[in-house]
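This report describes one protein chain for a reader who is new to structural terms.

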Amino acid sequence: MKNFVEYIPIFTTLFSIFFFKEIYQHYLFKKTTYLMWWAIGVLTFGLGTLAESINILIGWSAANVRYWYIVGALLGGFPLAQGSVYLLMKKKFADSTSILLSVFIVVASISVILTPILLPDNFDYKLSGKVFEWKWVRYFSPIINIYAFIFLVGGAIYSALKYYRQGIKEAPFRGNIFIAIGGLLPGIGGSFTRAGYVEVLYVTEFLGLVLIYYGYKIIKENKLHIKIDHSS
């Protein structure tokens, strides 16, 4: 008998569709690189939870676990983090890291596709990289996750502190704090997944995406209000 927590990825996927539609419309209006990467990030986030939804609704398959690992563990928070890199760092650095990390992810993804699958004894048919016979394949994801943590979570904290020091303690400060916490939660859930508690990841993914959206909305609406005030 499956419990409710195992169905949370379905709601996360649906919410990511809603979030992607809004941020993509924002990108079409602004045409900025960081919004493009954030839109890609929300999309890949939803693709990852889609794999989790497929696993609970249809069942486990080798193809789905490879797909899940690529879009979830390898891509993960990279596009969202790269949006923050384009927003906060120099364009040359952002372009260079985009190319470098993209090549790294392609190599890692090919490795995931090629590795044989070996099911351990008493396998519970939950999504896990433990089924990869080439154990070194799992060493790629921590590098991506550390990068994502530094620039998504770290970038949001940096922005929040910058606004706080400027005496801006309302919308921009609060929005970035929510984004920082939201970016941190899936990483915590991923750590539990490595220990065999994938349900923790399902909860932290949903809460993390909701908090990132909430922080994004606070900052977006604040900028809109400032524009209206200046134009009136």
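Helices (H or I, at least four residues) and strands (E, at least two) are runs assigned by DSSP, and they are numbered from the N terminus. This is a predicted model, in which local features need pLDDT of at least 70 and side-chain atom pairs count only at pLDDT 80 or more, while totals for chains, interfaces and linings use all residues. Residues are numbered from 1 along each chain as its sequence is written, and side-chain values use heavy atoms, with hydrogens and water left out.

**Overall form**

The protein has eight helices and zero strands, so that, from the N terminus on, its elements read α-α-α-α-α-α-α-α. Along the principal axes, the C-alpha atoms fill a box of roughly 65 × 40 × 30 Å. The radius of gyration, taken over C-alpha atoms, can be set against a globule rule of 2.2 Å times the number of residues to the power 0.38; for 232 residues a compact globule would have a value near 17 Å, and the 18 Å of the protein agrees with this. A contact means heavy atoms within 4.5 Å, and among contacts between residues at least 6 apart in sequence, 72% join residues at least 24 apart.

**The interior**

A residue is called buried under 20% relative accessible area, exposed over 50% and partly exposed in between (1.4 Å probe, protein chains only). By this rule, buried residues make up 45% of the 232 residues. A nonpolar core is a set of buried Ala, Val, Leu, Ile, Met, Phe, Trp, Tyr and Cys residues joined through side-chain atoms within 4.5 Å. The largest such core has 33 residues, of which Phe 19, Ile 23, Leu 35, Trp 38, Phe 78, Leu 80 and Tyr 147 touch the most other members. At least two residues of this core come from each of helix H1 (8-30), helix H2 (33-57), helix H4 (78-88), H5, H6, helix H7 (171-194) and helix H8 (198-231). A second, separate core of 16 residues includes Ala 51, Val 65, Tyr 69 and Val 112.

Leaving aside residues up to four places away in sequence, Leu 80 touches Trp 37, Trp 38, Gly 41, Val 42, Leu 152 and Ile 212.

**Charged pairs**

A salt bridge is a side-chain nitrogen of Lys or Arg within 4 Å of a carboxyl oxygen of Asp or Glu, and a search of the whole structure finds five of them.

| Salt bridge | N to O distance |
|---|---|
| Lys 217 and Glu 22 | 3.0 Å |
| Lys 220 and Glu 22 | 3.7 Å |
| Lys 217 and Glu 221 | 3.4 Å |

Salt bridges that share partners join Glu 22, Lys 217, Lys 220 and Glu 221 into one network. Lys 220 lies in helix H8 and Glu 22 in helix H1, so this pair ties together parts that are 198 residues apart in sequence. Lys 217 and Glu 221, by contrast, are four residues apart in helix H8 and are therefore separated by about one helical turn. Glu 22 counts as buried because its relative accessibility is 15%, whereas Lys 220, at 26%, counts as partly exposed.

**The surface**

Tyr 139 lies in the loop between helix H5 (91-114) and helix H6 (140-165), and at 60% relative accessibility Tyr 139 counts as exposed.
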